[in-house]
Amino acid sequence: MSLQTPPLPTIGLPRLIAGGLVRYGLILALVAVFAAFSVATPTFLTPANLQSILVNNFTLLAIVSIAMTFAVASGGIDLSVGTAMDFASFAFVSLVLAGQPVAVAALAGLAAGAFVGAFNALLISGIGVSPFLATLGTLFIGRSVQQLLTNGGNPVYLSPNGVPEAFRFLGHGTIAGFPVPLAVAIGVIAAAAVVFARTRFGRVILSIGIQPGVVRYSGIAAPAHVAVTFILVGLIAAIAGLILTATVTTYIPSSGNAFLLNAIGATFIGTTLSPLGRPNVGGTVLGALLLSIVANGLLLTDLNFYWQQVGTGTLIFAVLALSFINRNAAGAV
């Protein structure tokens, strides 16, 4: 009798291909979009335009998207990140106009953003309102408060001759030739990555988003962690508000809401980079970069603004749909 060695378990080629598309579909989409615009628009690959993508498109969206990532990772969502940006911007500009030092005004702006987050935390963790409804209410309240503070939504301008140097440095300065806003964004991204990968707080937040019941029965104070998360979301969004204000030297009511939908899109596009479909910093950053490249490329093609929005929405849908289809295929093969 001859002994036959049992065949080693193998993974079929279709599953390997489908699994690869699930895991790396976002990267493939990023490469494809970059290549397409490089061919379609001659000015896309110029150093000036690539810097514009990073500084003018990516920086603020990345920071707001990181804030959104914390909210989604905890199992919720924050529709008021734009409100936190706006409150921070208003406090920042108002105190600079009042003659306060830029550092004091910046701290006040951060406190204003954290206040928005604390209000959400009270509603969600203290009262038990769902994150969607709580932050939606904060969005509406914040919009109305801004209208009241600015006599119907009038912008608050800083005189070009009265802009302090430290204020200008935050929006347009460089450190060894590196733009300050982009450096701040990289700092926020790095800090968020450390929180999720190296701290107990980050692991608890991810666990709450995946299995809230298990976390609750394990004795961990889930409501307290969620409350801190939403305060942190407001604080991070406030950083974006300070940079936006320092860049345009103006406070425009409700301007932060322009980043809301793209931040949600970048966060959920980023989940395709995770095998479990969970929010993650790396995926969010790539999602923000993808949307930034698309926004810049479509602008260079002179496409109508509304068609640009259609193109962006179609791309978000395509990436997410492809990921879900391939994830199901990988599990079914």
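Axes are lines fitted to C-alpha atoms, for helices over the stretch in contact, and angles between N-to-C directions run from 0 to 180 degrees. This is a predicted model, in which local features need pLDDT of at least 70 and side-chain atom pairs count only at pLDDT 80 or more, while totals for chains, interfaces and linings use all residues. Residues are numbered from 1 along each chain as its sequence is written, and side-chain values use heavy atoms, with hydrogens and water left out.

**View A. Packing of α2 (47–73) against α7 (residues 180–198).** Helices (H or I, at least four residues) and strands (E, at least two) are DSSP runs, numbered from the N terminus. The axes of α2 and α7 come within 9 Å and cross at roughly 20 degrees. The two helices are therefore roughly parallel (angles under 35 degrees; over 145 is roughly antiparallel, 65 to 115 roughly perpendicular, the rest oblique). Their crossing is left-handed (the near helix is turned anticlockwise from the far one by less than a right angle; clockwise is right-handed). In contact (heavy atoms within 4.5 Å) are residues including Phe-58, Ile-66 and Phe-70 of α2 and Leu-182, Ile-189 and Phe-196 of α7. By class, this contact has 15 nonpolar, two polar and no charged residues (Ala, Val, Leu, Ile, Met, Phe, Trp, Tyr, Cys and Pro are nonpolar; Asp, Glu, Lys and Arg charged; the others, Gly among them, polar).

**View B. The largest pocket, with about 880 Å³ of space.** On a 1 Å grid over the protein atoms alone, a pocket is an open set of points where a 1.4 Å probe fits, with protein on both sides within 12 Å along at least five of seven lines; lining residues have an atom within 4 Å of a point. Grid points are joined across faces, edges and corners, and the volume is the space filled by probe spheres set on them. Of 37 lining residues, Asn-56, Asn-57, Ala-258, Phe-259 and Asn-262 are the closest to the centre. α2 gives the most to this lining, seven residues. The lining divides into 18 nonpolar, 19 polar and no charged residues.

**View C. The second largest pocket, with about 270 Å³ of space.** Its 15 lining residues include Ser-74, Ile-208, Pro-212, Ala-222 and Val-226, which lie nearest the centre. The largest share, four residues, comes from α10.

**View D. Positive phi at Thr-249 and Ser-254.** Thr-249, in the loop between α10 and β4, has a phi of about 50 degrees. Ser-254, in the loop between β4 and α11, has a phi of about 65 degrees.
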